[in-house]
Amino acid sequence: MKKQKVIVGLSGGVDSSVTAAILLEQGYEVEGLFMRNWDSNLNNDILGNNLQGNICPQEQDYLDAKKVAEKLKIKIHRIDFIKEYWDSVFEYFVKEYKKGRTPNPDILCNKYIKFDKFLDYAINELNANYIAMGHYAGVRLNEETKEFELIRGIDENKDQSYFLSELNQNQLSKTLFPLQTYEKSQIREIAKKYKLITAEKKDSTGICFIGERNFTKFLQNYIPNQPGDILDIKTNKKISEHIGVMYYTIGQRKGLNLGGQKEPYYVAEKDIENKILYVAPLSDESYLESKSCIIENFNFISNYKNYFKEDKFECTAKFRYRQRDIKVEVEVLKEDKILITYKEPVRAVTEGQQAVLYLNELCLGGGVIGKIFK
């Protein structure tokens with residue numbers, strides 16, 4: 001029988017490198033595909049870009065991916081999705097920040113680039129049966145419902161199902177996640193065994209496919225300064241000024257430049273229209289607390305009726321990556337809109353971020369946090 005062909009998203013990091021190695025061990029025909037989704041010159045990425053050296057990080061990643069492919073004796077392809085990333089991910093990202101919300105580009109990147117444009121190219125142009133990514137998560141077919149399910153990676157500290165919560169049945173049916181049953185330390189050991197150049201390479205950080213930036217300065221490339229007042233939310237007194245409300249996140253403590261105060265402050269509320277940033281003293285975190293929230297554009301990965309009989313049910317949720325599971329009650333208001341009520345106090349639930357639901361190891365899906373009820 002002809003081997004099934006898998007195109008691995010080779011990023012130049014250790015996780016994708018070992019993904020390719022594991023799939024070769026499992027008997028697949030493996031090829032790599034490196035994608036470039038950001039061009040600093042083309043995209044006016046000037047402020048906040050502290051790149052050093054003669055070679056940009058993306059090109060270094062490609063060189064590392066090439067060396068991994070050579071070591072594993074697999075073919076590597078390269079493609080640009082710069083326009084697609086701008087249109088489908090970055091424009092939304094900027095638009096949300098202008099509204100004062102805090103979007104998650106990693107989730108959009110998975111939904112529209114890795115598991116859409118990349119998937120289409122791999123299947124239709126490179127004749128793949130599957131794609132594979134170095135995410136710590138898993139996919140399985142439920143034999144009873146005949147629907148695909150997304151499950152957590154066993155390494156709790158690395159589990160990335162949160163970022164995959166917008167995927168659909170078609171995307172999961174064509175995807176392999178070989179790292180689901182591995183701890184990160186094991187991945188490094190496998191990379192050493194294969195003598196891969198990425199074995200000791202640091203994990204990438206920063207914005208998806210853009211990288212490390214001074215975030216406030218980076219945003220100023222796309223959203224002009226809109227100075228205004230910083231007010232103490234308890235006294236309504238002006239205590240300083242800011243350069244733009246949209247550059248701040250609810251709960252943020254660092255970077256407020258509020259010297260000379262009796263105690264530290266955090267961002268409590270944002271008034272975009274009137275350019276007011278409300279802050280509260282750290283001794284009173286009540287302004288961060290909420291009781292429930294509406295989630296918009298919610299994506300149930302498989303039909304929730306497979307697991308619950310009613311439109312109201314209990315499960316757990318995460319409102320930030322690496323947050324511990326929060327017990328919640330969920331009410332499905334309509335197909336893509338839900339109300340989440342917390343069973344315990346939750347702080348700093350933020351508009352524009354992602355709420356993701358879980359039933360034990362199963363990721364039920366995710367959506368964008370809309371209205372928050374105090």
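Modeller: Between domain 2 and domain 3, zero residue pairs are in polar contact, with both residues at pLDDT 80 or more. A polar contact is a pair of N or O atoms within 3.5 Å; within protein, one must be able to donate a hydrogen and the other to accept it, and residues adjacent in sequence count only if both atoms are side-chain atoms. Salt bridges across this interface also number zero; the rule asks for a side-chain nitrogen of Lys or Arg within 4 Å of a carboxyl oxygen of Asp or Glu.

This is a predicted model: local features need pLDDT of at least 70, side-chain atom pairs count only at pLDDT 80 or more, and totals for chains, interfaces and linings use all residues. Residues are numbered from 1 along each chain as its sequence is written, and side-chain values use heavy atoms, leaving out hydrogens and water.

Now the two partners. Domain 2 covers 227-284 and domain 3 covers 287-373; the bounds come from an automatic or database domain assignment. Their centres, over C-alpha atoms, are 28 Å apart. Ten residues of domain 2 contact four of domain 3, where contact means heavy atoms within 4.5 Å.

The buried area is about 550 Å², with 71% from carbon and sulfur atoms. That is the accessible area (1.4 Å probe) that the two parts lose on being put together, summed over both. On the domain 2 side, I233, I250 and Y266 lose the most area to domain 3, together 55% of what that side buries.
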